[in-house]
Every structure is written in C-alpha cells, then in structure tokens.
Amino acid sequence: MLNQPIVHGGQSLSRKERRLAKKQAQKKPQAISNDYALVAQLKQAEEAERSGQLELAAKLYADLLDLRKDAAVAQFNAANFFQRNQRPDIAYAGFKNAVVLEPANADYWERLGRHLSVAGQNEAAVIAYKRVCALKPTDHTGFLALANAHGANGEPQQALAAADIVVNLLPDYSTGHYRRGVYLGALGKFEESHLALYKALELD
C-alpha cells in the first residue's frame, strides 16, 4: 500500500511527479514568508516617505532595489520614489528591472516610457510606448504618448499614425485632433492641419 502511486484527479502520479509535488509543497511556506516580508518592507518605506524621513526611505528603497531583484513591485515602487526625489539614474534601473520581470504589465512600460521621455531618450521611449499600445490596444492614452514620443523623435509620419488611432478610439477627444493638426502641419499638409486644429477648438 505504501508503495502505490498517489491518485490525483483520477490519475496516478509517478514517483518523479510525487517528488516534484513534494518540492513545490515545501517551497510554498517560504514563498508566502517572502511575500509577507516584501509587503512589510514596502509599507515601512512608504511610511518613512510619508512622514518626511526621506533619508530612511531612500535607504529602505535602495535595499529593496538591491535585495529584491526578483520582485517587480519592489523595483517599480522604489523606482517611483527615486524619480520623485530627483534620482533618475537610480529610478531607471528599477523601471527597467520591473518590465523585465513582468513584461505583460502595461503600467510598468508606461512609467518607463514617461521616464525615458523626460530624460530625452525619445527613441527608447517609442519602444516602451509601443509595448503599452500592444498590451492595451483600446486605451487612447498609450497611443497619445506614442504619438508624442514619435513627434519628439522627429518622426511626424509615425506620430500622425498614432494620433489617428487616438481619434478613432475617442472621436470627441480634442487633444487627439490637436495632435493630428500639429503632425499634419509638420508634414506640410496645411489644409488638413487647419481642419484638425479647428475641430480641436470646436471640441475644447
């Protein structure tokens, strides 16, 4: 009886599968413990910042960046802290780690794109915003940010294409028409540009 395979869901588990299941079961308490520790660390850092203890908050967030490279939320929150406190060099590392750890998180890509845009790294910002748009194809904000990044990167044709999507998604959104007008003008299509800008004024 002791040597019989364990039955799970109507099927017998092999010896190899039982060993794997045992290992996974042993890992769970440690994973839960790590999650609780991470939440506690994040809460401590947030409370330090909220109470004005910026040096302590900086140390706690720096520890998170260094010691919790496996946790996207730790990297992302720490990056936001350093961005808010004028340390874009440290912030960039955290944002980059976050998107590597969770590449399907559109919010992480959006924040990285914004960071890159502020830093004037427009080509890299375009790449980040393209990921946002791929992950959230019905959200106009990603396409508007992509249009702005293309425009800043000297690519009015691509910027116009993104602005067109903004207008298609939200026909009554004045900013979308305004950006279309700007990029049409940059392409020398002045009559269409004037029409788009006039539409923006009508809707504003």
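These notebook entries record what I looked up in one predicted protein model.

**Basis.** I worked from a predicted model, in which local features need pLDDT of at least 70 and side-chain atom pairs count only at pLDDT 80 or more, while totals for chains, interfaces and linings use all residues. Residues are numbered from 1 along each chain as its sequence is written, and side-chain values use heavy atoms, with hydrogens and water left out.

**Overall content.** I first looked up the secondary structure and found 10 helices and two strands in the protein. Helices are DSSP runs of H or I with at least four residues, strands are runs of E with at least two, and both are numbered from the N terminus. Along the sequence the pattern reads β-β-α-α-α-α-α-α-α-α-α-α.

I then looked up burial: 33% of the 204 residues are buried. Buried means under 20% relative accessible area, exposed over 50%, and partly exposed in between, with a 1.4 Å probe and protein chains only. The accessible surface comes to about 12,700 Å², and carbon and sulfur atoms hold 55% of it; the areas come from the Shrake-Rupley method with a 1.4 Å probe. Of the contacts (heavy atoms within 4.5 Å) between residues at least 6 apart in sequence, 40% join residues at least 24 apart.

**Helices α3 and α5.** I looked up the packing of α3 (residues 72–84) against α5 (residues 106–118) and noted an angle of about 30 degrees, with the axes 12 Å apart. The axes are lines fitted to C-alpha atoms over the stretch in contact, and the angles run from 0 to 180 degrees between N-to-C directions. The angle makes α3 roughly parallel to α5; angles under 35 degrees count as roughly parallel, over 145 as roughly antiparallel, 65 to 115 as roughly perpendicular and the rest as oblique. I recorded the crossing of α3 and α5 as left-handed, that is, the near helix is turned anticlockwise from the far one by less than a right angle.

On the α3 side the contact is made by A72, V73, F76, N80 and Q83, and on the α5 side by D107, Y108, R111 and H115. By class, these residues are four nonpolar, three polar and two charged. Ala, Val, Leu, Ile, Met, Phe, Trp, Tyr, Cys and Pro count as nonpolar, Asp, Glu, Lys and Arg as charged, and the others, Gly among them, as polar.

Leaving out residues up to four places away in sequence, Q83 touches P88, A91, F95, R111 and H115.

I looked up Q86, which is found in the loop between α3 and α4 (88–101). Q86 has a positive phi of about 60 degrees although it is not a glycine, and it is exposed, with a relative accessible area of 63%.

**Helices α6 and α7.** I noted that α6 (residues 122–135) packs on α7 (residues 140–152) at about 160 degrees, with the axes 9 Å apart. This makes α6 roughly antiparallel to α7, and the crossing is left-handed. Residues in the contact include Y129 and C133 of α6 and F143 and L146 of α7. The contact has 10 nonpolar, three polar and one charged residues.

Which residues does N122 touch, not counting those up to four places away in sequence? I listed S117, A149, A152 and N153. N122 is buried, with a relative accessible area of 17%. The C-alpha atoms of N122 and H150 are separated by 7.3 Å, although the two lie 28 residues apart along the chain.
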